[in-house]
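Student: I'd like to learn how to read a ligand site and a salt bridge. Can you walk me through it?

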Amino acid sequence: MSSMQGRVVIVTGGFGALGSAVARKCSAAGATVAMLGRAPPSATLAAEFTGPHVLLSGVDLARLDDASKAIATVTARTARIDALINVAGGFRSETLEHGDVATWDLMFHMNLKTAVVASKAVLPYLLASGRGRIVNVGAGAAARAGAGMGAYTASKAGVERLTESLAAELGAHDITVNSILPGVIDTPQNRADMPDADVKRWVQPDAIADVVLFLVSDEARAVNGASVRVFGRG
Ligand SMILES: NC(=O)c1ccc[n+]([C@@H]2O[C@H](COP(=O)([O-])OP(=O)(O)OC[C@H]3O[C@@H](n4cnc5c(N)ncnc54)[C@H](OP(=O)(O)O)[C@@H]3O)[C@@H](O)[C@H]2O)c1
């Protein structure tokens, strides 16, 4: 795969489990990485991403004014944006009977609106350069909801529809928009939540990051509007 040297990649939710793996992969390929999130990064992550990399916390990506300000801060330092990777998101499981209607708003804000807003904030920069990559993180689980999974899967299905519509809207440019649909990821949170699970069936963040790196590369120029299942061997 060609080098990402000189390329600038924005990773939303970059301080999280998958986001940090994606950021590491892009950095290792030569890219300058800008990581955006709400809570601050861990001290370890902050120490790892010094130099040209940009780490911005306190950014609520469901708010266009927050996102636009953050993108302007990034471009003031990097002068360009080549790719946006929308990793920010979250998970809740609750039945409609026992759950809160507000959970549906929460899931739509965390999973779908963050991708919509970050994409809208970045779009003028990609259109000005005439080239770019957007990769959204959906979820394999969005194909069919089980009990308690309504709000989460509906919001992640929305991420796939956003991917398709934006890919079609940008079809005239060398700007591609694709989604990855992970299965259960091997994260510290999932290990804590599911102590009896067979973790060998889970997909590693680093393996997902390899697929994301391909999708932001020049070689993926013919892939547009796709949703790629990334389940590992599970
Ligand atoms: N873990 C899995 O098994 C799995 C499976 C399929 C898909 N996914 C998807 O993969 C992505 C990453 O998951 P993960 O396990 O790495 O989760 P994670 O560690 O919780 O990372 C998600 C990050 O998104 C950030 N975020 C959420 N809402 C935000 C907002 N409004 N503004 C700014 N940042 C926001 C969070 O920051 P704050 O904590 O500061 O809010 C967090 O750092 C998510 O989209 C998730 O839905 C995960």
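Tutor: Let's start with what counts as a pocket: an open set of grid points where a 1.4 Å probe fits, with protein on both sides within 12 Å along at least five of seven lines. A molecule sits in one if more than half of its atoms lie within 2 Å of its grid points. Keep in mind that this is a predicted model.

Student: Where does the ligand sit here?

Tutor: In the largest pocket.

Student: Which residues come nearest to the ligand?

Tutor: There are 28 residues around the ligand, and Leu 18, Arg 38, Ala 39, Val 87 and Asn 190 come nearest. By class, that shell has 14 nonpolar, 11 polar and 3 charged residues.

Student: Which helix gives the most to the shell?

Tutor: That's α4, with 3 residues. At least two shell residues each come from α1 (17-28), α4 (102-129) and α5 (150-169).

Student: What about polar contacts?

Tutor: Look for N or O atoms paired within 3.5 Å. Ala 39 has a backbone N or O atom 2.7 Å from a ligand oxygen. For Val 87, a backbone N or O atom lies 2.8 Å from an oxygen atom of the ligand. Asn 190 uses a side-chain N or O atom, 2.8 Å from a ligand oxygen. The protein buries 81% of the 880 Å² that the ligand exposes when taken alone.

Student: And salt bridges?

Tutor: Side chains of opposite charge can pair when their charged atoms come close. The count here comes to 12 salt bridges. In one of them, Arg 131 and Asp 218 meet at 2.7 Å, N to O. This pair links distant parts of the chain, 87 residues apart: Arg 131 is in strand β5 (residues 131-137), while Asp 218 is in the loop between α7 (205-216) and β7 (227-230).

Key. Residues are numbered from 1 along each chain as its sequence is written. This is a predicted model: local features need pLDDT of at least 70, side-chain atom pairs count only at pLDDT 80 or more; totals for chains, interfaces and linings use all residues. Side-chain values use heavy atoms; hydrogens and water are left out. A residue is near a molecule or strand if one of its heavy atoms lies within 4 Å of it. A polar contact is a pair of N or O atoms within 3.5 Å; within protein, one must be able to donate a hydrogen and the other to accept it, and residues adjacent in sequence count only if both atoms are side-chain atoms. Accessible areas come from the Shrake-Rupley method with a 1.4 Å probe; for residues, only the protein chains shown count as cover. On a 1 Å grid over the protein atoms alone, a cavity is a set of points where a 1.4 Å probe fits but cannot get out, and a pocket is an open set with protein on both sides within 12 Å along at least five of seven lines; lining residues have an atom within 4 Å of a point. Helices (H or I, at least four residues) and strands (E, at least two) are DSSP runs, numbered from the N terminus. Ala, Val, Leu, Ile, Met, Phe, Trp, Tyr, Cys and Pro count as nonpolar, Asp, Glu, Lys and Arg as charged, and the others, Gly among them, as polar. A salt bridge is a side-chain nitrogen of Lys or Arg within 4 Å of a carboxyl oxygen of Asp or Glu.
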